[in-house]
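Work through the exercises below with the model open. Try each task before reading its solution.

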Amino acid sequence: MTEIKIGGRVVPLNYTAFEIIEIQKEMGCTAFQLREEVFGLRKVEDENDPNAEPQIFFDVVKDAEKIEKLGKLITILGNSGLEASGQEPDLTAKWVLRNMRPALILPFAIATMAEINEGNMMEVKPDEKGPVDEILEEERAKKPQGN
């Protein structure tokens with residue numbers, strides 16, 4: 001869980017399938033649309049050097065609507081994190097935005113995006129290469145070695 005400190009309070013951010021539903025209800029966009037709708041994420045290619053890595057920009061800082069959506073998103077993920085850690089989920093978007101220092105808009109956006117990216121990753125044990133078909137594994141175990 002990613003944590004942010006806002007208004008003197010440490011707020012854990014938690015992103016699960018339940019929050020996807022809340023995001024769609026409260027913000028009117030899907031989780032896949034967050035990169036553009038909230039963060040204003042865009043990549044810019046260097047026209048003079050096609051081999052150069054593209055630069056990544058977050059336009060959230062320039063757009064009042066995106067800042068408002070970021071506040072709502074932090075509220076949703078923050079209340080989930082507070083609840084998951086046994087605390088009262090009492091955040092409101094107004095409180096989040098009132099306590100968010102303008103210089104921290106971009107760092108909060110990056111932290112929020114990191115939590116969403118983490119939530120979208122598959123859970124795999126370090127010694128596994130991905131999902132395992134248990135029936136197939138049982139059949140393999142039944143086969144005599146060398147065949």
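A nonpolar core is a set of buried Ala, Val, Leu, Ile, Met, Phe, Trp, Tyr and Cys residues joined through side-chain atoms within 4.5 Å. Buried means under 20% relative accessible area, exposed over 50%, and partly exposed in between (1.4 Å probe, protein chains only). The model is predicted: local features need pLDDT of at least 70, side-chain atom pairs count only at pLDDT 80 or more, and totals for chains, interfaces and linings use all residues. Residues are numbered from 1 along each chain as its sequence is written, and side-chain values use heavy atoms, with hydrogens and water left out.

**Exercise 1.** Find the residues with the most contacts inside the largest nonpolar core.

*Solution.* 
- Start with the core, which has 28 residues.
- Pick out Leu34, Phe39, Leu70 and Leu73, which have the most contacts inside it (contact: heavy atoms within 4.5 Å).
- Next, trace the suppliers: strands E1 (2-6) and E2 (9-13) and helices H1 (17-27), H3 (64-84) and H5 (105-120) each give at least two residues. Helices (H or I, at least four residues) and strands (E, at least two) are DSSP runs, numbered from the N terminus.
- Finish at Leu70: beyond residues up to four places away in sequence, its contacts include Phe39, Met100 and Ala109.

**Exercise 2.** Locate the two partners of the salt bridge between Asp90 and Arg9.

*Solution.* 
- Apply the cut-off: a side-chain nitrogen of Lys or Arg within 4 Å of a carboxyl oxygen of Asp or Glu.
- Check the pair: N to O is 2.8 Å.
- Asp90 is partly exposed at 41%; Arg9 is partly exposed at 23%.
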